[in-house]
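Q: Please take a close look at one part of this model. Keep it brisk.

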Amino acid sequence: MACYESIFILRSSLADEEAETVIEKMKSALTKHGATIVKADNWGKKKLAYEIKHDRRGTYILLQFESAQENVVSELERLYRLEDSVIKFLTVRVEEEAFQGATAEQGESEGGGVQ
């Protein structure tokens, strides 16, 4: 299975409930197309490096997922383009070793590691 990371930025004017609705919509689209979601993380509102569609701030969302199907990324990015609240996105394929290392580091930082 191929490992992917997708980061997308939502308009800062969205309420937290609306942002959660968009996140759930993207997660359900991934699972519908056979992907396994490893991590979904809301990084919160942050200042953008430059103005995008008249916004200076945005809500950053990270999705890490695995999929054996090739078309899952194109379908996810199609949904990003259709969703008005998504102002920017990037999806990359990650090497499996780096992907597993990132999830292992997260487990250690949450208290799962040796002290």
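A: Exposed means over 50% relative accessible area, buried under 20%, and partly exposed in between, with a 1.4 Å probe and protein chains only. This is a predicted model: local features need pLDDT of at least 70, side-chain atom pairs count only at pLDDT 80 or more, and totals for chains, interfaces and linings use all residues. Residues are numbered from 1 along each chain as its sequence is written, and side-chain values use heavy atoms, leaving out hydrogens and water.

Helix 1 covers residues 16-32, 17 residues in total. Helices (H or I, at least four residues) and strands (E, at least two) are DSSP runs, numbered from the N terminus. From first C-alpha to last, helix 1 reaches 24 Å, close to the 24 Å expected at 1.5 Å a residue. That expected span is 1.5 Å times one less than the number of residues.

Now the buried side. A19, V22, I23, M26, A29 and L30 are the buried residues of helix 1. Down the helix axis they fall within an arc of 125 degrees, so they line one face. The arc is taken over the directions from the axis to the C-beta atoms. An α-helix has 3.6 residues a turn, so residues three or four places apart point the same way. Just after helix 1, G34 has a positive phi of about 90 degrees.

Next, the cover. The buried residues of helix 1 are covered by elements including strand 1 (2-11), strand 2, strand 3, helix 2 (72-82) and strand 4 (86-94). Strand 2 (residues 36-52) and strand 3 (residues 55-67) pair in the antiparallel sense over 11 bridges; pairing needs at least two DSSP bridges. K47 stands opposite R57 in strand 3. The two strands form a hairpin with 2 residues between them, and K53 in the turn has a positive phi of about 50 degrees.

Aromatic rings join some of these covering elements. Rings of Phe, Tyr and Trp (its six-membered ring) pair if their centres lie within 6.5 Å; planes under 30 degrees apart are stacked, over 60 edge-to-face, the rest tilted. The count is 3 aromatic pairs. Y4 and F65 are stacked, at 5.4 Å centre to centre and 25 degrees between the planes. Y4 sits in strand 1 and F65 in strand 3, 61 residues apart. Both Y4 and F65 are buried.

Definitions and conventions: Contact means heavy atoms within 4.5 Å.
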